[in-house]
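Me: I would like to learn how to read pockets, strands and cores in a model of this kind. Could you take me through them one by one?

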Amino acid sequence: MNIFISSVAFKNLTIPEIEEIAIQHQFSIEFSANFNPDQDLRNQFMTLTIDRLPHNYFPPPKDPFVLNLASQDREILKRSRNHCMKGIELASMCRMKYFSAHAGFCLDPSPHMLGKQLEQPSHIERDMFSKTFLDSCEMLSEVAKNAGVKFCFENNVLMQINRREDGINPLLCVDPEEIIQVLDLVNNDSLGFLLDTAHLKVSANSLGFDKDLAVGQLNDRIAYIHHSDNDGMEDTNEKLTANYWFLKHLKSFKNVPHVVEVKSQSIDDLKKQISLLRSSAEVI
């Protein structure tokens with residue numbers, strides 16, 4: 001199994017400091033948005049000697065915004081698509097196979113609202129946002145195809161507090177049916193799906209679907225996987241333990257990349273979680 005550790009596990013460390021740890025302990029790293037944007041992050045990433053992946057909002061721009069590939073705001077949509085095109089280019093230049101980003105939102109939240117209760121408009125034309133997201137996926141999968149990279153979208157997380165009374169889901173690609181629909185409609189081998197198991201756990205609880213059945217529906221559509229745990233109510237990036245719900249599915253995903261996406265962990269705890277994934281994947 002090819003297992004990466006998310007950079008969010010190394011709170012407040014710089015890229016060179018993370019590289020030093022990765023070399024010492026033979027870690028592969030997925031770089032996310034937890035860096036000071038004033039640093040020359042793109043060039044630092046390119047000069048690394050470790051196995052690595054760029055993810056979503058990395059490298060974070062100096063002028064912050066919420067990446068939204070379904071936005072109806074022309075400027076936000078343009079910035080989101082351009083950011084992903086640069087991420088695909090960065091992955092290609094460093095001979096990485098993937099660049100991933102979150103699926104779109106049917107609203108444009110401010111950065112401080114992420115992971116909290118969203119301020120939502122009184123009415124949402126969901127079909128309009130869905131069409132924009134499909135257009136983004138079509139465009140980015142073609143860019144990825146030309147770059148020799150797979151562009152992957154990640155399932156969103158719907159917390160109970162963000163369910164609307166009118167039944168309209170303000171987030172795209174939360175349930176397996178919509179994820180499969182996007183993949184089928186775009187129909188490009190350079191478009192993939194990144195399963196975040198913690199997001200799926202919360203969303204299943206909020207919408208009342210079976211998370212294990214959802215994994216079965218998505219099985220052969222999953223390009224790689226993010227791992228963390230939570231209480232089923234909100235996405236808190238808790239560490240993996242022997243009670244982690246996804247362990248029983250691992251033997252079906254030995255050949256896809258895995259990312260331990262847990263916050264602020266010791267080296268020993270990270271090694272234990274990597275060992276847990278490996279040993280669970282080998283159970284027959």
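This is a predicted model: local features need pLDDT of at least 70, side-chain atom pairs count only at pLDDT 80 or more; totals for chains, interfaces and linings use all residues.

Me: Which residues are closest to the centre of the second largest pocket?

Reply: A pocket is an open set of points on a 1 Å grid over the protein atoms alone, where a 1.4 Å probe fits, with protein on both sides within 12 Å along at least five of seven lines, and lining residues have an atom within 4 Å of a point. The second largest pocket holds about 280 Å³ of space, a volume being the space filled by probe spheres set on the points. Its lining has 15 residues, and Pro59, Pro60, Pro61, His83 and Lys86 are the closest to the centre. Helices are DSSP runs of H or I with at least four residues, and strands are runs of E with at least two, numbered from the N terminus. Helix H3 (74–93) gives the most to this lining, with five residues.

Me: Is strand E4 largely enclosed or open, and why?

Reply: Buried means under 20% relative accessible area, with a 1.4 Å probe and protein chains only. In strand E4 (residues 98–102), four of the five residues are buried, so the strand is largely enclosed by the rest of the structure. Two strands pair if DSSP finds at least two bridges between them; here five bridges join E4 to strand E5 (residues 150–154), and the two run parallel. Ala101 has Phe153 as its bridge partner in E5.

Me: Which residues touch the most other members of the largest nonpolar core?

Reply: A nonpolar core is a set of buried Ala, Val, Leu, Ile, Met, Phe, Trp, Tyr and Cys residues joined through side-chain atoms within 4.5 Å. Among the 81 residues of the largest one, Phe31, Phe133, Phe151 and Phe153 touch the most other members. Helix H4 (residues 126–147) supplies the largest share of this core, six residues. A second, separate core of five residues includes Phe105 and Leu158.

Me: Where is Val259 placed, and what does Val259 touch?

Reply: Val259 lies in strand E8 (residues 258–260) and is buried, with a relative accessible area of 0%. Contact means heavy atoms within 4.5 Å; not counting residues up to four places away in sequence, Val259 touches several residues, including Phe4, Glu30 and Tyr224.

Methods
Residues are numbered from 1 along each chain as its sequence is written. Side-chain values use heavy atoms; hydrogens and water are left out. Buried means under 20% relative accessible area, exposed over 50%, partly exposed in between (1.4 Å probe, protein chains only).
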